[in-house]
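Dear colleague,

I am handing over the structure that you will be working with, and it is placed just below. After it I have set out what was found, topic by topic.

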Amino acid sequence: MFADLHQDIAFYFLTSLNPPPFDQDAESRQSDLPKLRRAGAELVFAAAFPFVNTYDTWSPDGRLVLEAMKVYYAVSERHGVKIVEKRGDLYAPGLKFLIVLEGADVLHTADDLRLLYRLGVRAVGLTWNLDNKWGHSCYSKRDRGLTPEGEELVEKAQRLGIVVDLAHAGMHTALDAIAVARRPVVISHANARAVRPHPRNVEDAVLKALADNGGVIGLTFIPSTISETPSPRELAKHAAYIKEKFGAELLAVGTDYLGISKTPEGLESVDKVDRLFAALREAGFTREEVEAVAWRNAYRVLREALD
């Protein structure tokens with residue numbers, strides 16, 4: 001059994017020319033239904049990415065959220081993939097999508113979350129790689145932390161039963177958000193900055209706060225966040241560091257498949273995720289700890305975060 005805290009399925013379909021249907025085992029595609037089933041995937045955080053790139057400038061566009069929702073509901077209806085709306089849906093048989101808004105830039109007020117909740121969104125990332133009215137990103141030149149509007153957004157999300165995702169957030173923004181949170185939060189796809197200095201990776205101070213919050217971080221397959229020679233064994237070094245410092249219960253998986261142009265050697269597609277779990281065992285993880293990383297830790301957080 002396997003839970004993936006981040007895939008860009010809608011982005012793939014909205015930006016690809018004549019993509020094969022998602023139920024086709026497409027050669028060289030990082031993720032599709034046959035590969036997910038071979039991986040034993042039960043749950044995928046399916047991202048609605050609301051940004052358009054025009055001449056190397058990214059701008060938020062609320063229409064893309066609706067287009068992404070169309071993709072996920074089409075996959076759900078055609079292929080029997082359930083959309084997670086409440087806690088009990090986590091245990092429905094078969095593959096499930098939990099829809100996440102990757103970057104809250106398209107929201108005008110925290111109350112806009114009510115509309116997205118009605119549409120099926122159950123997780124929200126405060127930022128992408130841009131600063132916004134809610135907080136500052138990991139690429140911010142001056143991370144001033146969570147704004148008053150951002151504090152309201154975190155509180156509103158958790159009252160609604162929407163998971164707060166701090167991937168892409170700056171250190172001070174993440175720490176502020178965790179301090180406000182009354183339910184566990186996630187960092188859906190990132191690695192340890194102490195192992196690999198990279199803006200997308202997470203500082204020890206944030207990992208400690210996340211552990212105290214009861215949340216999880218999804219080990220990500222973004223090659224540049226892993227090492228100069230990314231592989232399952234190199235990614236396991238991040239996991240071993242986090243386990244030693246903060247405990248194995250902090251760890252989950254967030255591949256970022258279909259959102260990355262390159263993959264680590266040996267992790268070219270989601271059906272090869274067992275190679276990461278084998279590398280974890282080589283790094284000293286017990287069978288129970290590997291199972292926790294694969295899905296149990298993520299499910300524990302979602303049981304508390306969802307209604």
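Predicted model: local features only at pLDDT ≥ 70, side-chain atom pairs only at ≥ 80, totals over all residues.

Residues are numbered from 1 along each chain as its sequence is written, and side-chain values use heavy atoms, with hydrogens and water left out.

Salt bridges

Arg 196 meets Glu 228 in a salt bridge, at 3.3 Å from N to O, the rule being a side-chain nitrogen of Lys or Arg within 4 Å of a carboxyl oxygen of Asp or Glu. Arg 196 lies in the loop between β9 (186–187) and α7 (204–213), and Glu 228 in the loop between α8 (223–226) and α9 (232–246), so the pair ties together parts that are 32 residues apart in sequence. Helices (H or I, at least four residues) and strands (E, at least two) are DSSP runs, numbered from the N terminus. Glu 228, with a relative accessible area of 66%, is exposed.

By this rule the structure has 22 salt bridges. One of them joins Arg 38 to Asp 25, with the closest N and O atoms 2.8 Å apart; this pair links distant parts of the chain, since Arg 38 is in helix α2 (residues 33–38) and Asp 25 in the loop between α1 (9–15) and α2, 13 residues apart. Arg 38 counts as partly exposed at 47% relative accessibility, and Asp 25 also counts as partly exposed, at 39%. Another salt bridge is formed by Asp 32 and Arg 29, whose closest N and O atoms are 3.1 Å apart. Asp 32 is buried at 0% relative accessibility, and Arg 29 is buried with a relative accessible area of 4%.

Aromatic rings

A pair of aromatic rings is described by the distance of the centres and the angle of the planes. The structure holds 13 aromatic pairs, counted where rings of Phe, Tyr and Trp (its six-membered ring) have centres within 6.5 Å, with planes under 30 degrees apart called stacked, over 60 edge-to-face and the rest tilted. Phe 51 and Trp 128 make a tilted pair, 5.0 Å centre to centre with 35° between the planes. Because Phe 51 lies in strand β3 (residues 51–54) and Trp 128 in the loop between β7 (121–125) and α5 (148–160), the pair ties together parts that are 77 residues apart in sequence. Phe 51 is buried at 3% relative accessibility, and Trp 128 is buried at 11%.

Tyr 72 and Phe 97 form an edge-to-face pair, 5.6 Å centre to centre and with 75° between the planes. Here too distant parts of the chain are linked, with Tyr 72 in helix α3 (residues 62–79) and Phe 97 in strand β6, 25 residues apart. Both Tyr 72 and Phe 97 are buried. Ring pairs also link Phe 11, Phe 49, Phe 51, Trp 58 and Trp 128 into a cluster.

Pocket and cavity

On a 1 Å grid over the protein atoms alone, a cavity is a set of points where a 1.4 Å probe fits but cannot get out, and a pocket is an open set with protein on both sides within 12 Å along at least five of seven lines; lining residues have an atom within 4 Å of a point. Grid points are joined across faces, edges and corners, and a volume is the space filled by probe spheres set on the points.

The largest pocket has a volume of about 350 Å³. Its lining consists of 18 residues, of which Trp 128, Asn 129, His 168, Asp 256 and Gly 259 lie nearest the centre of the pocket. The largest cavity has a volume of about 30 Å³, and the residues that line this cavity include His 6, Glu 102, Asp 165 and His 168. Strand β6 (residues 96–102) gives the most to the lining of the cavity, with three residues.

With best regards

Definitions and conventions. Buried < 20%, exposed > 50% of the residue type's maximum accessible area, 1.4 Å probe, protein only.
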